[in-house]
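Dear colleague,

Here is the structure I said I would pass on. My notes on it follow below.

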Amino acid sequence: MKRRNPYPVGNMMQSNLHSFGMLIKERTFSSANYRYGFNSQEKVDEVAGEGNTNTAEYWEYDTRLGRRWNLDPKPNPSISDYAAFANNPIFFNDVIGDIPWQQVFKGKTISHHSDFAQRRDFKENGVVVHDFHNGIDMPEKSGTVIRTLAAGKVIEASYDKWNGNHVRVDHGNGIKLVYDHMVEQPLVKAGDQLKDGGDIGKVGSTGLSTGNHLHISMTINGQYADIGDVKDLQKFLTGDETVKISVMTDKKTGKMEDRIYQINKDTGKLMQLPNTSNEKNSQDKKSDIKAADTKREKNNRDVYN
Ligand SMILES: [Zn+2]
């Protein structure tokens, strides 16, 4: 089967590659001076022939087998410790070999995809319209269990044609999270009290979605905020962590603003602290990340909604 090269590696190498980076025979040109191959990793041609072994900071792997030689430093219990790219090189890019793809599905850390507030164009009744992505998308296998990022109360567990099967959780202080596109009816119902890390549903592609993924969005007093900026939601909610978070202040233009929030440990109330930082504002920061991401991921990530 003909296959495009998902990882453009510059003009020194013109090769067609199989899914995990093995060279397609007779369709390869590579300058002898060029050290990098699939995924921009360094080739170690002495080991098993040209293009068959790649190395990077946290791994060495065989492009023919799509398996790493070393144990994954951040293993995922549902797949082999020797798996590369979570067995899905089309969706996942893992340049140095240490990306913990599924930690959110253990109920804690989110690997930050920085797709918050990205412009999305889509057709509605034949007319192209756009909006700005109100959350983050995490591609994952259908059926993978989703766990809540913090304790809270389920206020909605239902289906609609946009969010698909979804769960909305109220965390108090005007903070709400929604988990979208579940494959089947959620595992919880409105009124349930969730503990931190509790199971809420399974990954799917229901509603306005083009592939299996989890979409999470967060609102603070009704405004979309980048959940990817929150390291540990539970700690934030208990006042143990202050967050600097990008908030979409205008849904029409996608305009964002950095805010610093903290929950006061004594009163339990959400407070917005003055943002005195001289850093570039979110809009600039995010567009820098976006440019880099687009370059890196253009060819191997789809838009999921
Ligand atoms: Zn999304």
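**Notes on the model**

Strand E7 (residues 119-124) is hardly covered, with 0 buried residues among its 6. Buried here stands for 20 or more other C-beta atoms within 10 Å of a residue's own, exposed for 12 or fewer, and partly exposed for anything in between, with C-beta atoms placed from the backbone. Strands (E, at least two residues) and helices (H or I, at least four) are DSSP runs numbered from the N terminus.

This is a predicted model, in which local features need pLDDT of at least 70 and side-chain atom pairs count only at pLDDT 80 or more, while totals for chains, interfaces and linings use all residues. Residues are numbered from 1 along each chain as its sequence is written.

E7 pairs with strand E8 (residues 127-132) in the antiparallel sense over 6 bridges; two strands pair if DSSP finds at least two bridges between them. Within this pairing, Phe-122 has Val-129 of E8 as its bridge partner. The two strands form a hairpin with 2 residues between them, and Asn-125 in the turn has a positive phi of about 50 degrees.

Most residues other than glycine have a negative phi. Asn-173, in the loop between strand E12 (164-170) and E13, has a positive phi of about 55 degrees. It counts as partly exposed because it has 15 C-beta neighbours inside 10 Å. Asn-221 sits in the loop between strand E16 (213-220) and strand E17 (223-225), and its phi is positive at about 50 degrees. Asn-221 has 12 other C-beta atoms within 10 Å and is therefore exposed.

Val-183 is in the loop between strand E13 (175-182) and strand E14 (193-194). With 17 C-beta neighbours inside 10 Å, Val-183 is partly exposed. Leaving aside residues up to four places away in sequence, Val-183 touches Ser-142, Gly-143, Lys-202, Val-203, Gly-204 and Thr-206; a contact requires C-beta atoms, placed from the backbone, within 7 Å. His-166 is 17 residues from Val-183 in sequence and 9.4 Å from it in space, C-alpha to C-alpha.

There is also an open sheet of 4 strands in the order E3-E4-E5-E6, with antiparallel pairing. Its edge strands, E3 (42-43) and E6 (67-68), each pair on one side only. E3 and strand E4 (residues 53-56) share 2 bridges, and Glu-42 has Thr-55 in E4 as its bridge partner.

For the chain overall, there are 3 helices and 20 strands. Buried residues make up 33% of its 305 residues.

Regards

Technical notes:
Contact = placed C-beta atoms within 7 Å.
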